[in-house]
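The following paragraphs lead through a predicted model. Please consult the sequence and coordinates alongside the text.

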Amino acid sequence: MGSAILGYVLNGICIGGVYGLVSSAWSFQCGALKFANFAYGASIMLSMYITYFSIREWNIPLPIAVLIVLVMDICLGFLMRKTVLWRHDRNTQILCTMGLSLIIINLVDFVFTSYPRDFGILETRIFFTDSISIGRTQLICFVMSAVILITFQMFLSKTWTGRSIRAVVQNKEVATLMGVKGARTLDLAFALSYILIAVAGIMLMSMYQVEPAYGDRMQSIAFIVCVSAGLGNLSGAFMSGILVGVLEQLIVGLLGAQFRTPILYGLFVIILLARPHGIFTRKQNVARSI
Amino acid sequence: MFKKTMSLLLAGCLAISLAACGGSDPSSAAGAGSSGAAAGGELPPFKISMITQLTGNNSFGGHEYQYGAELALEHQGGEVNGRKIELVFADGPNTDATVSEFERLYNEGSRVFLSGYGCISDRTFAAMCDEMKVLYLSLAWDYDLIQGPSDYFFRGGANVTAFGSGVMEQAIGIGEQYLNVPADQLKVALVYTTRLSHVADPMKEYAAAHGVTIALEENYPDDTTDFSAIVTKLMNTDYDILIPIQGAADGTPFQKKLHEMNYTPNVTLGAGCYYDTPNFADLGNEITDGILTQSYTTPYIAEGAAPGITKFREDFEAKYGHKPLAHALQAYGGMQIYFKVLETMDPADWDDTAKLAEALKNFKAEEGDLVWYWGVDFDELNNNTLANQFVVNQWVDGELKCVFPDFLKTDEAVIPWKG
């Protein structure tokens with residue numbers, strides 16, 4: 001039993017790291033940039049499809065395929081910012097991005113069909129004992145997620161562009177007085193956040209199969225992770241992702257798969273009621289946490 | 001003079017139109033969408049319509065239905081008793097779309113429908129086809145579709161209760177015949193998605209009635225993507241037969257995870273069509289070989305039991321580029337029923353759905369008469385009582401081999417698997 005629990009925890013940590021990366025872009029968009037993007041899950045799903053078709057169906061070499069997905073996502077982010085997220089009214093943003101999400105899902109369904117797509121790669125596992133093992137791909141994705149998020153944090157805190165983004169997020173008027181072009185910086189920040197979505201999509205495709213509804217699952221996970229961590233808190237999102245991953249595995253392993261959703265969402269409601277700003281965020285001004 | 005002539009002409013046209021409208025019957029397709037038919041002597045094409053899931057998550061099943069129906073018509077030569085048959089397809093990914101598409105098709109003259117993939121369309125029609133005098137042949141397996149006597153709603157396929165019980169019956173048979181474990185000592189593990197709980201329920205009831213122990217039951221949410229925890233639990237559970245009830249979205253990651261974690265159950269008896277499909281085959285022989293799967297009658301039954309099954313299989317693959325799923329065979333069989341019924345009638349009477357429904361009610365076919373093997377004999381609630389035969393296939397070298405029952409099988413089962 002003890003070894004099984006250790007196995008659940010290790011797997012949960014690896015899966016949770018990817019959850020953290022998946023959620024961090026949404027946390028950044030929604031919490032820091034104040035864009036309510038409910039086409040987020042659909043965007044990840046689209047990235048997964050483009051990754052799959054580029055490599056498997058169109059036989060494009062991996063580096064070029066990755067480049068294609070990155071460019072596509074940056075363009076998608078930029079276009080969204082200029083169209084459906086042009087207005088700052090949150091209700092309009094929510095409705096428009098929900099509509100966009102349905103458009104993306106149905107377009108993917110129409111173009112690629114809803115047949116589940118899978119690279120068919122069998123993951124090599126690292127066995128610690130006969131019953132304790134973790135997936136090599138999952139471990140690599142976990143490490144990459146951590147590196148990418150640390151790099152992104154450093155970009156925000158160490159580079160002039162990153163500092164401009166933070167300045168605009170914290171006080172747009174003052175930032176503008178200091179010579180920062182507010183709207184253009186937000187355009188750039190939103191487009192950059194789509195790099196995280198692209199990377200998350202590529203990683204997820206290497207581990208799981210994709211179908212048009214897959215994005216809904218990721219959207220739900222991102223929602224739980226981000227709100228639990230505190231919107232806008234990137235490092236918190238990573239930690240919260242790990243927590244959710246471990247909890248998921250423990251619930252399924254110790255209680256049963258049927259209990260996963262009710263317990264996870266039950267905890268989510270309790271966290272929201274007890275700590276509305278998240279378990280990893282203390283200050284009310286969550287934008288400062290980036 | 002000109003005005004008077006025009007007035008007379010218009011009045012004449014109006015009178016003819018009114019007479020035509022007054023004479024039309026709501027059950028008659030000729031009155032709605034096939035005007036100009038009867039008078040000319042040559043009858044318009046007879047429409048058989050299908051609302052199926054051509055978009056959405058289950059579009060692969062919807063397309064299989066479409067292909068199966070198309071191939072049936074092609075094999076029929078496009079006509080019955082000299083009257084052309086026209087297939088009409090519409091997309092029904094959900095109930096609202098199905099209702100709207102039904103209204104559109106109805107207004108365009110469709111009065112005869114064949115079930116699409118899943119039960120969305122069937123549920124919609126079950127509630128209204130008597131009122132609309134629309135003939136509907138359902139292939140869905142939900143038993144509760146039949147709420148009472150109906151003149152127009154028929155269910156041609158097997159029901160889910162029989163299917164679920166059938167799986168457990170096969171498991172008991174495998175236990176006794178191959179594992180030397182009697183039913184009251186047999187331990188099974190059930191792993192299924194919430195979406196398919198209604199298949200698991202009759203299995204559990206059958207197991208309880210026969211003393212079979214459910215050693216592990218994992219009912220996971222539809223959006224589950226990682227199965228490592230469930231596989232770990234399987235590894236730590238003592239059971240004889242694993243029964244997964246899954247679709248493509250969850251079956252593939254589940255089987256991959258089993259393989260990745262170096263765990264192979266002693267016997268796997270798949271229930272649910274995923275285990276018959278090419279996506280499962282795509283996992284590779286190393287994973288698929290030896291796995292058993294119960295299904296409706298499939299395209300892989302013996303030619304001797306169902307003449308025409310080989311031609312169906314070969315023509316389907318040649319036309320659509322992949323091996324047919326059981327769904328395609330179901331639609332093919334449904335179309336065959338309609339063709340056989342139409343053959344017994346004068347084509348001029350086909351548009352009267354009351355007469356057509358009566359002919360369908362009285363239609364009987366022996367097992368093996370149709371390519372899907374099942375016979376046809378509707379009971380008082382229009383359930384087909386001869387759609388109760390299931391088959392068990394086994395994957396061998398990437399091919400499905402029918403191993404049960406004896407009169408449909410093409411090969412002997414290898415249990416436990418030699419690998």
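In which sense do strand 7 of chain B and strand 8 of chain B pair, and over how many bridges? Strand 7 (residues 187-193) and strand 8 (residues 213-220) of chain B are parallel and share seven bridges; helices (H or I, at least four residues) and strands (E, at least two) are DSSP runs numbered from the N terminus, and pairing requires at least two DSSP bridges between two strands. Within strand 8 of chain B, B:I214 is the bridge partner of B:V188. Helix 7 (residues 197-209) of chain B links strand 7 to strand 8 in a right-handed β-α-β crossover, that is, with the strands pointing away from the viewer, the path from the first strand over the helix to the second runs clockwise.

Strand 7 of chain B also runs parallel to strand 9 (residues 241-245) of chain B, joined by five bridges, and B:V191 has B:P244 as its bridge partner there. Six of the seven residues of strand 7 of chain B are buried (20 or more other C-beta atoms within 10 Å of the residue's own, C-beta atoms being placed from the backbone).

Residues are numbered from 1 along each chain as its sequence is written, while chains are lettered from A and ligands numbered from 1 in written order. In this predicted model, local features need pLDDT of at least 70, side-chain atom pairs count only at pLDDT 80 or more, and totals for chains, interfaces and linings use all residues.

Definitions and conventions:
Buried ≥ 20, exposed ≤ 12 C-beta atoms within 10 Å, placed from the backbone.
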